[in-house]
Amino acid sequence: MPLTLGGAVSQTDLGYLLHKNPSRIHSFEMPFGMARVFQIDAPANQSAVALLLDVDPVELVRGRGEKSSSSFSLRQYVNDRPYAATSFLSVALARVFGTAMSGRSKERQELADSPREFSAAIVAAPCRGGVDFAKRLFEPLGYHVEAERHPLDEQFPEWGEGPYYTLRLSGRLRLRELLAHLYVLIPVLDAEKHYWVGESEVEKLLRKGEGWLAKHPEKDAIAHRYLARQYSLARVALSRLEDDGAEPLDELSQPNTESGIERPLKLWEQRIESVLSMLKSLNAVTILDLGCGEGKLIKALMPDRAFQSILGMDVSSRALERAADRLRLDQLATSQRERVRLIQGSLLYRDKRLEGFDAATVIEVIEHLDTARLAAFERVVFEQARPRHVIITTPNIEYNVCFETLPPGVFRHDDHRFEWTRDEFRSWAEGVARRYGYSSRLLAVGLEDPVVGPPTQMGVFTS
Ligand code: SAH
C-alpha cells in the first residue's frame, strides 16, 4: 500500500523538507512490519517520494498477545489490513515524517513555511462512504480530488469493482499541512482502526487537526470515525474543538506515537481511560473515588499532578488494604500522603468527609447496591456530598450477548444485584438529575456494537 507525495520543488528541497536524503532508501521497522521511503520519478521541475508499507499479517495477530484460543477467528488472518491504506499508514507517516509534520526544517524553514503545489496519491484507500465522502473530506481543505476505483481482481474484471480507490489529491499548501491532513483523514476513510483508541488519540486528533479541523464542515464525521466510533471520546474531542480558549497541549505529556499500537486494552482499562479523560475535560482537580476497590482509577490519576487531591472510599477493608499496597501509599513522600488518601465508609450513609470535591467517580459500583438502597445512595452523593460533577459507570446488560462465555440471563459478576439496559440507565440518570438539580449526559465506553450498544455505559452529571 503505497502513498506517494510530490511537489513543485526540487528533489533536494523535498529531501530537506522531509528530512530524508533523496538518494537513499530509508527503512523503518514498525511494530506491524516495515516502512520504506524512496524517491520516485516525477515530471520536470517536480519531485516525488513513495512511502511503502509491508504489513506482516502474522505479526499483527501475534502482537495481540492476550487473545485466547477461543477468540481465534479466521478474520484475524484473512483481512485487508496488509494491502489497504489504513491507520497503519498514519502511524507510519508520523514515525517516518514526524519532523516534517511538525513543520520544522533545519535547512529550508522558509520553504517549509510557504505554501507550494503539493500532491499525494493514496493507493488502495478503502473509501467507506464512497468517493463523495472522500471529496467532502478533502475539498474543503482546498484539494482537487480525483478517484479511480480498483476492480476487485485485476485478472477477473467481470467480478466488478472493489471497495478500494486510488485517491489523487493536489493543492497549494504547506507540506506539514498535507501530512497532517493525511494523518487524520486516512483512518477516517477507512473507519476501522487497527488498535484500540484511547484518550491519547483525542490528543493526537486535536494536535494534528490544529488550525483546520475546527472549521471543517465534516468535523463531526471526522472525529467520530477517527476515534473509531467511540462516541464518548468523539464528544470530548468535539467539545474541546469548540472551546476557543483551549490551552495549548503540553508537548511533554504527549504520548509517543507508537505506544498505543497493537495493544488491545481490556475493558476495565478502557473504563479507566474514559473516566480519566472525562475528569481532565471537566478540569476537575479534587477527586473522590467512591467504591474505589483496589485503586485502579487512583493509580491512573496519581502520576498527573493536575489532580491535587484524591480521596478513595470503599466499604471493604480488604479492598482498601490491597489498594494501599498497589499504590504503595506507605512509600509516598510526606507531601504526597496528603494528596492521596483512602478511607473506609459506606455509600449508603451520610459522610461529611465526602463534601467539597470537584468530581466524584463511581465506577462499576451501583450495580452492587440493592435497588431498594439506591435512593439512599442518591442522597448521599447528589444531595449531601454534592460534588460539582459525578461520573458513574455501570454495565450495559444488552451487551452481555457479546460475551461468548457468559450464559444467557447471568450477570457479569456474582455480586451484581442488577444490570441495566441503556433505557433503564437513562431513565434512572434523568430522574436523579431532575431530583437533585444536575444535568446529565450519557456516554459509551468501549467499542459500540451497532445493535446492543457499548459494553459499559457512563453517566456524567454536572450541577
Ligand atoms: N471502582 C473499582 C471497584 C469496582 S467493584 C473499579 O472500577 O475497579 C465495586 C466496589 O464497590 C467494591 O470494591 C465494593 O467493596 C464497593 N462497594 C460495594 N458497596 C459499597 C458501599 N455501600 N459503599 C462503598 N463501597 C461499596
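This briefing covers the nonpolar cores of the structure and the surroundings of its ligand. The model is predicted. Its largest nonpolar core has 61 residues, and another core, of 32 residues, lies apart from it. The ligand is surrounded by 16 residues, and the protein covers 81% of the 570 Å² of accessible area that the ligand has on its own.

**Nonpolar cores**

- In the largest nonpolar core, the residues with the most contacts inside it are L5, F97, F138 and L182.
- Helix α7, which spans residues 175-190, gives the most to this core, with 11 residues.
- Leaving aside residues up to four places away in sequence, L5 touches a set of residues that includes L14, L18, V49 and F97.
- L5 also touches S47, A48, S119 and A120, as well as L178, L179 and L182, again not counting residues up to four places away in sequence.
- The other core, of 32 residues, includes A385, I392, A433 and Y438.

**Residues around the ligand**

- Of the 16 residues that surround the ligand, the closest are G291, G293, D314, L347 and I363.
- Sorted by class, the shell around the ligand consists of seven nonpolar, six polar and three charged residues.

- D314 places a polar side-chain atom 2.6 Å from an oxygen atom of the ligand.
- L347 has a polar backbone atom 2.9 Å from a nitrogen atom of the ligand.
- I363 has a polar backbone atom 2.8 Å from a nitrogen atom of the ligand.

Notes. Residues numbered from 1 in each chain as written. Predicted model: local features only at pLDDT ≥ 70, side-chain atom pairs only at ≥ 80, totals over all residues. Heavy atoms only, no water. Core = buried A, V, L, I, M, F, W, Y, C linked by side-chain atoms within 4.5 Å. Buried < 20%, exposed > 50% of the residue type's maximum accessible area, 1.4 Å probe, protein only. Helix = DSSP H or I, 4+ residues; strand = E, 2+ residues; numbered from the N terminus. Contact = heavy atoms within 4.5 Å. Near = heavy atom within 4 Å. Polar contact = N/O pair within 3.5 Å; in protein donor to acceptor, adjacent residues only side chain to side chain. Areas by Shrake-Rupley, 256 points an atom, 1.4 Å probe, with all protein chains shown as cover. Nonpolar A, V, L, I, M, F, W, Y, C, P; charged D, E, K, R; others polar.
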